[in-house]
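Work through the exercises below with the sequence and the model open. Each task is followed by a solution in steps.

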Amino acid sequence: MMSKSKIDLFYLLFNQLVILLGTLFFNKALAFYFDKDTTGSFFYIISISTFGLLVLSAPFTQIFNRLYNSEEPIDIEVFLTFILIPNLVFFTISLFCASDWLAYIFIVYLAFTLRDVFLGQIIQMKERKALFFLNSLGSMSRLVVLALLLIFFEANLSLIVLSQVLSLFTLIYFSYRYYKSKIGFDWSKFLNFKIVLNKLDRSFFILSLPIAITSVASWSKDMGVRFLLNHQGDKMLVADYTFINGLALVGPTFLQGIISAYYLPLIYRKEISYKSALLQVSLILTISTVVGLIVFDFFGLDIVRILLDSKYVNALDLMPYLLLSNMLFVLAGFSGSYFFLIKKTTFLILPSVLFSASLLLSCYYLIPMRGVQGAAYGILFSTTLNCFVLSLILFATWRRNFVNCKD
């Protein structure tokens, strides 16, 4: 009989697989049934919504979820009341900066925000099985809704946004029902701002600030590039980049899930030193990168035709740069986990700022000259710089002995 830890790992891996397969099938449907201009518009909308999510909502949501197992957790009803404030801020900003697609942008942003709140709590509850089924439901519902809409309506931007939003709210509804059955939900606390003022102190906002800054780096790598491609090129370039990068992310994203699920618990339980784990992760990522480059060199055309559509073969040259960049980003993410381990997350601010600045500036200058290929060059340059700077900070940290352990 399997132990609970092995069962949890099983569900974690399959949860990661479900998310990846759901994204692949959804991208295949978009690439096959919709033209580049339409899909490029959708990905541009997602890029703006995600910026609001990562900068205005996600930092607070992450701290809220991390406090779940603390001595003073925040009630979900209280947090949902508080999160209305950044929602209002984002709506106001969108009203002036993105009025053309205001409804699409805000509803997608709101759906992602609520999803992260409820799924984050379920993750903290260590309900791996529930998380797997909820993400399976979200992935399946997005495909089913899109298929049904395509039967009755002509392919257009509204169908893609509607399928995305309906699947997210389906996921939110069942997440809420599950959370309510396990923990409970007191609607009388909702919209009570007096409780919010008493519960959320200064430390809550101080802890959120470094995450807000480092979140810009996460946005820049994918969504920021989409934003620049749209404004300095056109929506077809956004589509080319997003779909090829989606393929280049399959391996790194899956490996990131495995690495986080396997190595981080071992490090926290001190069953393996951080240095040993970092060396093993580096070796795994190096071998995987070489194998991935070989596979795409021999079978890249067939992979693009099968998983996307023939009209995206022209962008296949992006693959080596994007695959290597994504692997380096996974390595940087694991390297950065050390600073969470020693509770020195402010050390992540400098490399995050340098990464975002170098990425956006290099893409800003390279895209007008080289198009989407210029964006790929900029991403590879910035991810390499990010790893280099993080390595320097890691070595400096170890040498100064910030923690009194073998690491």
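Leucine 331 has its place in helix H12. The model is predicted, and the exercises start from this residue.

**Exercise 1.** Find which residues leucine 331 touches, not counting residues up to four places away in sequence.

Solution. Step 1: leave out the residues up to four places away in sequence; leucine 331 then touches Leu278, Ser282, Leu285 and Cys387. Step 2: take cysteine 387 from that list. Leucine 331 and cysteine 387 are 56 residues apart in sequence, and their C-alpha atoms are 7.5 Å apart in space.

**Exercise 2.** Determine how the axes of H11 and H12 are oriented to each other, and which residues make the contact.

Solution. Step 1: helix H11 spans residues 274–307 and helix H12 residues 319–341; their axes come within 10 Å and cross at roughly 170 degrees. Step 2: angles over 145 degrees count as roughly antiparallel, and H11 and H12 are therefore roughly antiparallel to each other. Step 3: list the contact residues. H11 contributes Tyr274, Ala277, Leu278, Val281, Ser282, Leu285, Ser288, Thr289, Gly292, Leu293 and Phe296. From H12 come Met319, Pro320, Leu323, Leu324, Met327, Val330, Leu331, Phe334, Ser335, Gly336, Ser337 and Tyr338. Step 4: sort them by class, which gives 16 nonpolar, 7 polar and no charged residues.

**Exercise 3.** Decide whether asparagine 326 is buried or exposed, and identify its side-chain polar contact.

Solution. Step 1: asparagine 326 is found in helix H12. Step 2: its relative accessibility is 3%. The cut-off for buried is under 20%, so asparagine 326 counts as buried. Step 3: leaving aside neighbours within four places in sequence, asparagine 326 is in contact with Lys221, Asn245, Ala248, Leu249 and Pro252. Step 4: with asparagine 245 there is a polar contact between the two side chains, at 3.2 Å.

**Exercise 4.** Describe how H2 is oriented to H5 and to H9.

Solution. Step 1: the axes of H2 (residues 36–66) and H5 (residues 102–124) come within 9 Å and cross at roughly 30 degrees. That angle makes H2 roughly parallel to H5. The crossing of this pair is right-handed. Step 2: the contact includes Ile45, Ser49, Gly52 and Leu56 of H2, and Tyr104, Val108, Phe112 and Asp116 of H5. By class, the residues of the contact of H2 with H5 are 12 nonpolar, 9 polar and 1 charged. Step 3: turn to H9 (residues 202–232), whose axis comes within 8 Å of that of H2 and crosses it at roughly 165 degrees. That makes H2 roughly antiparallel to H9. H2 passes H9 in a right-handed crossing. The contact of H2 with H9 has 20 nonpolar, 8 polar and 2 charged residues.

**Exercise 5.** Find where leucine 191 lies, and state what its phi is.

Solution. Step 1: leucine 191 is in the loop between helix H7 (157–182) and helix H8 (193–199). Step 2: its phi is near 70 degrees, a positive value in a residue other than glycine. For comparison, most residues other than glycine have a negative phi. Step 3: the relative accessible area of leucine 191 is 49%, so this residue is partly exposed.

**Exercise 6.** Classify aspartate 302 by accessibility.

Solution. Step 2: at 42% relative accessibility, aspartate 302 counts as partly exposed. Step 3: compare chain and space; valine 313 is 11 residues from aspartate 302 along the chain, and the C-alpha atoms of the two are separated by 9.2 Å.

How values were computed. Residues numbered from 1 in each chain as written. Predicted model: local features only at pLDDT ≥ 70, side-chain atom pairs only at ≥ 80, totals over all residues. Heavy atoms only, no water. Axes fitted to C-alpha atoms, helices over the stretch in contact; angles between N-to-C directions. Helix = DSSP H or I, 4+ residues; strand = E, 2+ residues; numbered from the N terminus. Parallel < 35°, antiparallel > 145°, perpendicular 65-115°, else oblique. Left-handed = near helix turned anticlockwise from the far one by under 90°. Contact = heavy atoms within 4.5 Å. Nonpolar A, V, L, I, M, F, W, Y, C, P; charged D, E, K, R; others polar. Buried < 20%, exposed > 50% of the residue type's maximum accessible area, 1.4 Å probe, protein only. Polar contact = N/O pair within 3.5 Å; in protein donor to acceptor, adjacent residues only side chain to side chain.
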